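Subject: Model handover and notes

Hello,

Here is the structure I promised to pass on.

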Amino acid sequence: MTDRLKQPQLYPSYQLSASIAAGDLSEDAAQLRAAEKLDNLIDRLCKIHEQSRVRKWLRPSKPVTGLYFYGGVGRGKTMLMDMFVSSFSNRLSATTVWRSHFHDFMVLAQDSIHSARQLGNDCPIEAAAKMLGARGQVLCFDEMEVRDIADAMILARLFSVL
């Protein structure tokens, strides 16, 4: 696992603070809190990765819960996600981070379910979940918004299988 004191540059909070110090960004307390939460998420994911690398059979007893950031346009949500993805990807090359716009993900999920149905799979959502899960262990959505009950039901099934 990465030591925050020895390698602070591998964390979003460091990247954010450096941008503020350089005058590229104005200090925003909410962004700083969000960056700290992303730092903690990286630490949790790295810990699980290290445990599973040492003991191949180990799977977390429960999935790591992620973060959901919300706020107005221009608050820095996408910027923070970019910092998270680059920080996490630089740290664990064996772990794939999959970043997707939520609507693109839903189109891909629905296409995968449709393809699995056409192939005669008994459980097309499970087959689609396995295909989607192969794209990465860490999934980052940009602009996630669920307005359709059918999409909500598909998401619930997809993520319960993974």
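First, the ground rules. This is a predicted model, in which local features need pLDDT of at least 70 and side-chain atom pairs count only at pLDDT 80 or more, while totals for chains, interfaces and linings use all residues. Residues are numbered from 1 along each chain as its sequence is written, and side-chain values use heavy atoms, with hydrogens and water left out.

**Overall fold**

The protein chain has six helices and two strands. Both are DSSP runs, numbered from the N terminus: helices are H or I with at least four residues, strands are E with at least two. Along the sequence the order is α-α-α-β-α-α-β-α. Of the 162 residues in the protein chain, 34% are buried. Buried means under 20% relative accessible area, exposed means over 50%, and partly exposed is in between (1.4 Å probe, protein chains only). Take the contacts in the protein chain with a separation of 6 or more: residues 24 or more positions apart account for 70% of them. Contact means heavy atoms within 4.5 Å.

**Helix α4**

The arc is that of the directions from the helix axis to the C-beta atoms. An α-helix has 3.6 residues a turn, so residues three or four places apart point the same way.

Leaving aside neighbours within four places in sequence, Ser 112 is in contact with Ala 128, Met 131 and Leu 132. After α4 comes Gly 120, with a positive phi near 85°.

**α5 against α6**

These two helices, α5 and α6, pack at an angle of about 65°, with axes 9 Å apart. Axes are lines fitted to C-alpha atoms, for helices over the stretch in contact, and angles run from 0 to 180 degrees between N-to-C directions. On the α5 side, Ile 125, Glu 126, Ala 128, Ala 129 and Leu 132 meet Arg 157, Leu 158 and Val 161 in α6. Ala 129 is buried, with a relative accessible area of 1%. Its C-alpha atom is separated by 9.6 Å from that of Leu 155, 26 residues apart along the chain.

In α6, the buried residues are Asp 151, Ile 154, Leu 155 and Leu 158. Seen down the axis of α6, they fall within an arc of 100°, so they line one face of the helix. Ile 149, Met 153 and Ser 160 are exposed on the other side of α6. The cover over the buried residues of α6 includes α4 and α5.

**Nonpolar cores**

A nonpolar core is a set of buried Ala, Val, Leu, Ile, Met, Phe, Trp, Tyr and Cys residues joined through side-chain atoms within 4.5 Å. The largest has 20 residues, and Leu 80, Phe 84, Phe 88, Val 138 and Cys 140 touch the most other members. Two or more residues each come from α1 (12-21), α2 (29-54), α3 (77-91) and β2. The largest share, seven residues, comes from α2. Apart from this core lies another, of 14 residues, among them Trp 98, Ile 113, Ile 154 and Leu 155.

**One backbone point**

Which phi does Glu 143 have? Glu 143 has a positive phi of about 55°, although it is not a glycine. Most residues other than glycine have a negative phi. Glu 143 lies in the loop between β2 and α6. Glu 143 is exposed, at 56% relative accessible area.

Best regards
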